[in-house]
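Here is a short briefing on a predicted model. Please keep the sequence and the coordinates open while reading.

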Amino acid sequence: MPASARKNTRRIERENTVDEIYERIYVAILEHRLHPGTKLGEERLADIFGVSRARVREVLARLAHEQIVELFPQRGAFVAKPTKEQARDVFEARRLIEPAVLRRLVDTLTPEKIARLRQHQELEADAHRREDKRAMVRLSGEFHTLAAELAGNSALARTMRELCMLTCLTIFLYDAPTSTSCRNDEHELIIDAIAKRDRARAEKLMLAHLDHIEHSLDLDSHAVDVDLEAIFRE
Ligand SMILES: [Zn+2]
């Protein structure tokens, strides 16, 4: 095999797929390691992940489709910076969708589903004990996505995933930098209500929970410089 072909084989072996790069960027944003407004340079990301710029563009297009990334002609891709108005829209949508998610979840409840929720709650509690802020913020968002997945409606689950990510960006922009997105004990109370098949209480707790998150937001945003290479360095 000629040297150039061997080199190509090695490159393909260690090349990251679109899914992998998407997931790395998605989790970095969810964990607040990548901040709203950060420029996602094609060339730098291509270098970091060892892939072509075309592949990076594919990932960025997918993130843009989910409103996680904003694309500007001539300027490139940036982590989305939802405005206050968009933030209010996100909470309005969540207040409509999440009670429906919980109703469906209670109607289709199984011991396995409750076990999954309890397991997740345990992970959240553990992250709190370890004071692992990155895990706390990611897991608190994932609780809501998990509830939608367990409710068994794929369209609701997809929508919740997007709304949770937008909430995550909003919290970073408009909340105190040290706080996390959800209070762990409120998730526990919601799970207890679901386990008792108490739809009304579960819905009421969820709406109160969303109110608490929305009311914790303020108008100050925080501009921060970031080092893309450091964020993705293994
Ligand atoms: Zn929550």
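Helix 5 (residues 84-107) packs against helix 8 (residues 154-174) at an angle of about 140 degrees. Their axes are 10 Å apart. Helix 5 is therefore oblique to helix 8, since an angle counts as roughly antiparallel only over 145 degrees.

**Helix 5 with helix 8**

- The crossing of helix 5 past helix 8 is left-handed.
- On the helix 5 side, the contact is made by Lys 84, Ala 87, Val 90, Ala 93, Arg 94, Ile 97 and Val 101.
- Helix 8 answers with Leu 156, Thr 159, Met 160, Leu 163, Leu 166, Thr 167, Thr 170 and Tyr 174.
- By class, the residues of this contact between helix 5 and helix 8 are 10 nonpolar, three polar and two charged.

**Helix 5 with helix 7**

- Helix 5 also crosses helix 7 (residues 133-151), at roughly 50 degrees.
- The axes of helix 5 and helix 7 come within 8 Å.
- That angle makes helix 5 oblique to helix 7.
- Helix 5 and helix 7 cross in the left-handed sense.
- From helix 5, Glu 98, Val 101, Leu 102, Arg 104 and Leu 105 take part.
- Their counterparts in helix 7 are His 144, Ala 147, Ala 148, Leu 150 and Ala 151.
- The contact of helix 5 with helix 7 holds seven nonpolar residues, one polar and two charged.
- Val 101 of helix 5 is listed in the contact with helix 8 and in the contact with helix 7.

**Helix 2 with helix 4**

- Helix 2 (residues 18-30) and helix 4 (residues 53-65) have axes that come within 9 Å.
- The two axes, of helix 2 and helix 4, cross at roughly 55 degrees.
- Helix 2 and helix 4 are therefore oblique to each other.
- The crossing of helix 2 past helix 4 is right-handed.
- Val 18, Ile 21, Tyr 22 and Ile 25 are the helix 2 residues in the contact.
- In helix 4 they meet Arg 55, Glu 58, Val 59, Arg 62 and Leu 63.
- Six residues of the contact between helix 2 and helix 4 are nonpolar, none is polar and three are charged.

- Three strands make an open, antiparallel sheet in the order 1-3-2.
- Strand 1 pairs with strand 3 (residues 76-79) over two bridges, in the antiparallel sense.
- Lys 39 has Phe 78 in strand 3 as its bridge partner.
- Strand 2 and strand 3 are joined by four bridges, again antiparallel.
- Phe 72 stands opposite Gly 76 in strand 3.
- Helix 4 lies across strand 1, strand 2 and strand 3.
- Relative to strand 2, helix 4 runs at about 115 degrees.

**Positive phi**

- Most residues other than glycine have a negative phi. Two glutamines deserve a look here.
- Gln 67 is not a glycine, yet its phi is positive, about 65 degrees.
- Gln 67 sits in the loop between helix 4 and strand 2.
- Is Gln 67 buried, exposed or partly exposed? Gln 67 is partly exposed, because 16 other C-beta atoms lie within 10 Å.
- Gln 74 likewise has a positive phi, near 70 degrees.
- Gln 74 lies in the loop between strand 2 and strand 3. The hairpin of these strands has three residues between them.
- Gln 74 counts as exposed because it has 4 C-beta neighbours inside 10 Å. The cut-off for exposed is 12 or fewer.

**The chain as a whole**

- The protein chain has 11 helices and three strands.
- Along the sequence, the pattern of the protein chain is α-α-β-α-α-β-β-α-α-α-α-α-α-α.
- The protein chain has 234 residues, and 30% of them count as buried.
- Among contacts in the protein chain with a separation of 6 or more, 73% join residues 24 or more positions apart.

How values were computed
Residues numbered from 1 in each chain as written. Predicted model: local features only at pLDDT ≥ 70, side-chain atom pairs only at ≥ 80, totals over all residues. Axes fitted to C-alpha atoms, helices over the stretch in contact; angles between N-to-C directions. Parallel < 35°, antiparallel > 145°, perpendicular 65-115°, else oblique. Left-handed = near helix turned anticlockwise from the far one by under 90°. Contact = placed C-beta atoms within 7 Å. Nonpolar A, V, L, I, M, F, W, Y, C, P; charged D, E, K, R; others polar. Pairing = 2+ DSSP bridges. Buried ≥ 20, exposed ≤ 12 C-beta atoms within 10 Å, placed from the backbone.
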